[in-house]
Amino acid sequence: MTDEKYSCPQTREQVIHLYFMEHRAKLLDVAAFLDRIDRARPVSDAVDFREAALKQAIQILIDGQAQRAKRVLDLLSDATTEIPQSAHGMKGASGAVRPAAGDAT
Amino acid sequence: MRYIDPHVHMVSRTTDDYQRMAMAGCIAITEPAFWAGFDRSSAQGFYDYYRQLTEFEPRRAALFGIKHFTWLCINPKEADDPAFARDVIALIPDFLKCENVMGIGEIGLNKNTKNEKIILEEQIALAETYNQLVLVHTPHLEDKRKGTRLIMDALSASHIDPGRILIDHVEEHTVAEVLDRGFWAGMTLYPDTKMTPQRATDVIEMYGSERIWMNSAGDWGCSDPLAVPKARIEMARRGHQMTLIDKVTLENPKAFLSQSAKFVLESDPK
């Protein structure tokens, strides 16, 4: 890894000036998405694993530590080491780790 | 402005896209064999696809001055039936003689299964036997980190120089391991999954510009065949030097691909 501390050629002020509006809009998309979930009638008491993962990931954004993108991706990654024989009957990728049958969500 | 898109599935794109890419400065593409969005019902379906990649697409690209190269394999999504996959693999050696074939790709894993891994290993062996470059697909989303590690272990068990292997679709959680193990890394600029031009530029800033390239992986899904020139603009507006921009979008692809004697661009000195 290169000298990550100041590897961006812009000043901090220039980065904020260039990207603030774009990321303000993305943040509002996330906020509105969470509101939309709240406004939608649940079909069970269980919290969907993707919603739970998203809320966990949001904590990473504000913890003040580096490597946020990597740590969010790590959080959303399958950490198992088992290898099934075949993909037959398996569901498609969902973007977060699906709990195994019987696990609490 | 000149660039190479080293991973784009032009069989899924219109001729207009070739024209737009040429207007944006694209001088060459490489097109890996992939999953067409549906499973093919016979090995003959792959034979026809390989002919499209080696005969038809080079002619279509040439209409706009773009040099077309390709990679051949059975993709991991259709490799979960080993017997079927072997029938397809048996077709490949004859096509390796075609002048636009760069090597074996995009091989890899999809759901990280034993069946997929068996066929991955057999295609790695094929590349080794025929001394071919290798282009690797890594799984998407939550399967990526685990799959990337399984794939790298399988590749490291072969005798292929990691400098002749490019592992594609890296993201922030896989790029360091890929580079540390000596492989080349590809960043795919894809609107909903994978990387944005902004994140790809971040990765260059954090991990450097050695052994890394960017591609659009434009295909039949929501994707953008102009993603590489957009990344060039993103790097420029941040203040990166043109030499760095050219390195990751032109010179690095040339350096990796030139390991095949077949990779010759019209503008290159003889």
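Mentor: Start at Glu106(B), which is found in strand S4 (residues 101-108) of chain B. A strand here is a DSSP run of E with at least two residues, a helix is a run of H or I with at least four, and both are numbered from the N terminus. The model is predicted: local features need pLDDT of at least 70, side-chain atom pairs count only at pLDDT 80 or more, and totals for chains, interfaces and linings use all residues. Residues are numbered from 1 along each chain as its sequence is written, while chains are lettered from A and ligands numbered from 1 in the order in which they are written.

Trainee: What kind of peptide bond joins Gly105(B) and Glu106(B)?

Mentor: A cis bond, with omega at about -5 degrees. Most peptide bonds are trans, and most residues other than glycine have a negative phi.

Trainee: Which phi does Asn131(B) have, although it is not a glycine?

Mentor: A positive one, about 50 degrees. Asn131(B) sits in the loop between helix H5 (114-129) and strand S5 (133-137) of chain B.

Trainee: Which residues of H9(B) are buried?

Mentor: Ala227(B), Val228(B), Pro229(B), Ala231(B), Arg232(B) and Met235(B). They pack against strand S1 (3-5), H8, S8 and helix H10 (242-257) of chain B. After H9(B) comes Gly239(B), with a positive phi near 100 degrees.

Trainee: At what angle do helix H8 and helix H9 of chain B pack?

Mentor: At about 60 degrees, with their axes 9 Å apart; H8 covers residues 197-207 and H9 residues 227-237. The axes are lines fitted to C-alpha atoms over the stretch in contact, and angles between N-to-C directions run from 0 to 180 degrees.

Trainee: What orientation do H8(B) and H9(B) therefore have to each other?

Mentor: Under 35 degrees counts as roughly parallel, over 145 as roughly antiparallel, 65 to 115 as roughly perpendicular, and the rest as oblique. So H8(B) and H9(B) are oblique to each other.

Trainee: Which residues make the contact of H8(B) and H9(B)?

Mentor: H8(B) gives Pro197(B), Gln198(B), Ala200(B) and Thr201(B), and H9(B) gives Ala227(B), Lys230(B), Ala231(B), Glu234(B) and Met235(B). Contact means C-beta atoms, placed from the backbone, within 7 Å.

Trainee: Now chain A. What orientation do H2(A) and H3(A) have to each other?

Mentor: H2 (residues 49-61) and H3 (residues 68-75) of chain A pack at about 160 degrees, with axes 9 Å apart. H2(A) and H3(A) are therefore roughly antiparallel. Their contact involves Ala53(A), Gln56(A), Ala57(A), Ile60(A) and Leu61(A) of H2(A), and Arg68(A), Arg71(A), Val72(A) and Leu75(A) of H3(A).

Trainee: How many helices and strands are in each chain?

Mentor: Chain B has 10 helices and eight strands. Chain A has three helices and zero strands, in the pattern α-α-α.

Trainee: What radius of gyration does chain A have?

Mentor: Chain A has 18 Å, but a compact globule of 105 residues would be near 13 Å. In chain A, 5% of the 105 residues count as buried.

Trainee: How many residues of chain A are in contact with chain B?

Mentor: 25 residues of chain A, meeting 27 residues of chain B.

Terms used. Contact = placed C-beta atoms within 7 Å. Rg over C-alpha atoms; globule rule 2.2 N^0.38 Å. Buried ≥ 20, exposed ≤ 12 C-beta atoms within 10 Å, placed from the backbone.
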